Amino acid sequence: MNWNWILALGMGLLLTACGGNVDNGDAIIIHERAADGGLRIIKDSLSDFAFVNQEGDSVTNASLAGKMYVTDFFFTRCPSICPKMSQQMLRIHDKYADRDDIVLLSHSIDTRGDSIPVLKKYAEKLEVTADRWHFVTGDHDLIYQMAEEYMIAANVDENAPGGYEHSGIFVLVDGQGRIRGYCNGTDEEAVTAFMNDIDLLMNED
Amino acid sequence: MKIKAIFTALLMIAIGLIWQDCQLNPNEEGARLYRNNCQSCHQENGAALKKLIPPLAGSDYLTTHGADVACIIRYGLEGPVTVNGVTYDGVMAGLDHLNAVDITNILNYINNSWGNDLGYINLRDVEAALDSCKQ
């Protein structure tokens with residue numbers, strides 16, 4: 001018996017066995033601590049904004065002042081990463097359901113399709129309310145400008161699934177309107193670490 | 001000689017482990033297609049997402065619709081649908097890049113995962129279903 005032949009066959013089997021496991025390799029975890037172990041101030045101010053949530057109420061930097069918030073950009077007809085983002089956002093929602101010092105803020109980048117009633121229906125399907133989780137729409141240019149301010153990629157792209165291209169990043173903003181953390185909102189482990197960051201921020205004085 | 005014997009033994013163990021792994025996942029191709037095409041909405045475990053996305057795990061809809069589910073995978077679904085007594089009113093995009101073999105693999109993966117035990121659908125039935133709903 002030729003050993004090398006057996007080895008080659010064995011290696012071949014190992015390589016082809018069960019087909020390739022293709023995983024989502026784009027798990028970006030932006031997760032850094034300041035020297036004292038606390039959260040860094042990644043950006044120390046954001047422009048003023050004024051949007052309208054699923055109840056038709058206005059949501060502005062002033063109305064959110066004093067509260068920390070977690071924000072993302074999505075659209076309700078998004079067939080790709082948004083359900084996963086909503087699922088992970090729900091984990092954050094559920095963990096801090098009884099705290100009034102944190103809210104969630106999801107911006108729709110589909111300002112034509114996602115009217116206030118559409119956003120309200122979406123929130124109802126997720127069984128969440130505007131006191132905990134704002135789904136906002138508003139001026140198209142201002143939404144995209146804010147995406148840039150939060151350093152999130154969002155584009156109108158006819159070739160992307162659903163017509164819009166955007167990243168699944170969650171951003172943590174503190175009560176003074178400063179960016180304090182990021183995570184990949186489609187990655188369960190990253191979101192778990194992100195919630196530890198939120199805990200740290202809550203304990204900051 | 002001794003080294004070769006040890007090496008071969010290790011190789012046999014590795015092959016054995018992988019063989020066992022394959023036995024546990026009889027529909028690895030279906031699993032791969034599910035991950036790439038379905039999982040971002042229907043989740044790793046086929047669970048519902050509140051009232052936004054219906055469950056695949058333990059879904060009575062799969063039990064009652066058999067091969068016709070192939071049509072939903074290819075052409076999508078819009079409007080109300082009732083699963084396990086809950087009405088879901090949303091939009092699922094069709095996946096028209098999947099051929100009948102892919103769809104069969106996905107169906108068989110879904111129908112036999114997460115506690116689902118709905119048996120196997122063959123390619124002929126899927127092709128017949130897809131013919132009947134051609135758009």
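How many residues lie between S8(A) and S9(A) in their hairpin, and which residue in the turn has a positive phi? The number is five, and the residue is A:Gly177, with a phi of about 75°.

This is a predicted model, in which local features need pLDDT of at least 70 and side-chain atom pairs count only at pLDDT 80 or more, while totals for chains, interfaces and linings use all residues. Residues are numbered from 1 along each chain as its sequence is written, chains are lettered from A and ligands numbered from 1 in the order in which they are written, and side-chain values use heavy atoms, with hydrogens and water left out.

View 1. Strands S8(A) and S9(A) run antiparallel and are joined by five bridges. (Helices here are DSSP runs of H or I with at least four residues, strands are E runs of at least two, and both are numbered from the N terminus; two strands pair if DSSP finds at least two bridges between them.) Look for A:Val173 opposite A:Ile179 of S9(A), and for A:Val171 opposite A:Tyr182 of S9(A). S8(A) is mostly covered, with five of its five residues buried. (Buried means under 20% relative accessible area, exposed over 50%, and partly exposed in between, using a 1.4 Å probe and protein chains only.) From S8(A), A:Ile169, A:Val171 and A:Val173 point one way, A:Phe170 and A:Leu172 point the other way, and all are buried. Six of the six residues of S9(A) are buried too, so S9(A) is largely enclosed by the rest of the structure.

**View 2. The five-stranded sheet of chain A.** Here's the open sheet, with strand order S5-S4-S3-S8-S9 (chain A) and mixed pairing. S5 (133–136) and S9 (179–184) of chain A stand at the edges with a single partner strand each, so one side of each has no neighbour in the sheet. Neighbouring strands are turned by 20° against each other on average, direction ignored. (Axes are lines fitted to C-alpha atoms, for helices over the stretch in contact, and angles run from 0 to 180 degrees between N-to-C directions.) S3 (residues 68–74) and S4 (residues 102–108) of chain A pair in the parallel sense over seven bridges, and A:Asp72 has A:Ser106 in S4(A) as its bridge partner. S3(A) and S8(A), on the other hand, run antiparallel with three bridges, and A:Tyr69 sits opposite A:Val173 in S8(A).

**View 3. Two helices packed on the sheet of chain A.** Helix H4 (residues 116–125) of chain A touches S3, S4 and S5 of chain A, and its direction makes about 150° with that of S5(A). (Contact means heavy atoms within 4.5 Å.) Helix H6 (residues 188–202) of chain A touches S3, S4, S8 (169–173) and S9 of chain A, and its direction makes about 165° with that of S9(A).

**View 4. H3 against H6 in chain A.** The axes of H3 (residues 82–95) of chain A and H6(A) come within 10 Å and cross at roughly 30°. The two helices are therefore roughly parallel (angles under 35 degrees count as such, over 145 as roughly antiparallel, 65 to 115 as roughly perpendicular and the rest as oblique). From H3(A), A:Gln88, A:Arg91, A:Ile92 and A:Lys95 meet a set of H6(A) residues including A:Val191, A:Thr192 and A:Ile198. A:Thr192 is partly exposed, with a relative accessible area of 34%. The C-alpha atoms of A:Thr192 and A:Gln88 are separated by 9.1 Å, though the residues are 104 apart along the chain.

**View 5. Nonpolar cores.** The largest nonpolar core has 60 residues, and A:Val70, A:Ile92, A:Tyr150 and A:Ile198 have the most contacts inside it. (Such a core is a set of buried Ala, Val, Leu, Ile, Met, Phe, Trp, Tyr and Cys residues joined through side-chain atoms within 4.5 Å.) H6(A) gives the most to this core, with seven residues. Apart from it lies another core, of 27 residues, with B:Val83, B:Leu95, B:Ile106 and B:Leu107 among them.

**View 6. Helices of chain B.** H2 (residues 28–37) and H6 (residues 100–111) of chain B pack at an angle of about 95°, with axes 8 Å apart. That makes H2(B) roughly perpendicular to H6(B).
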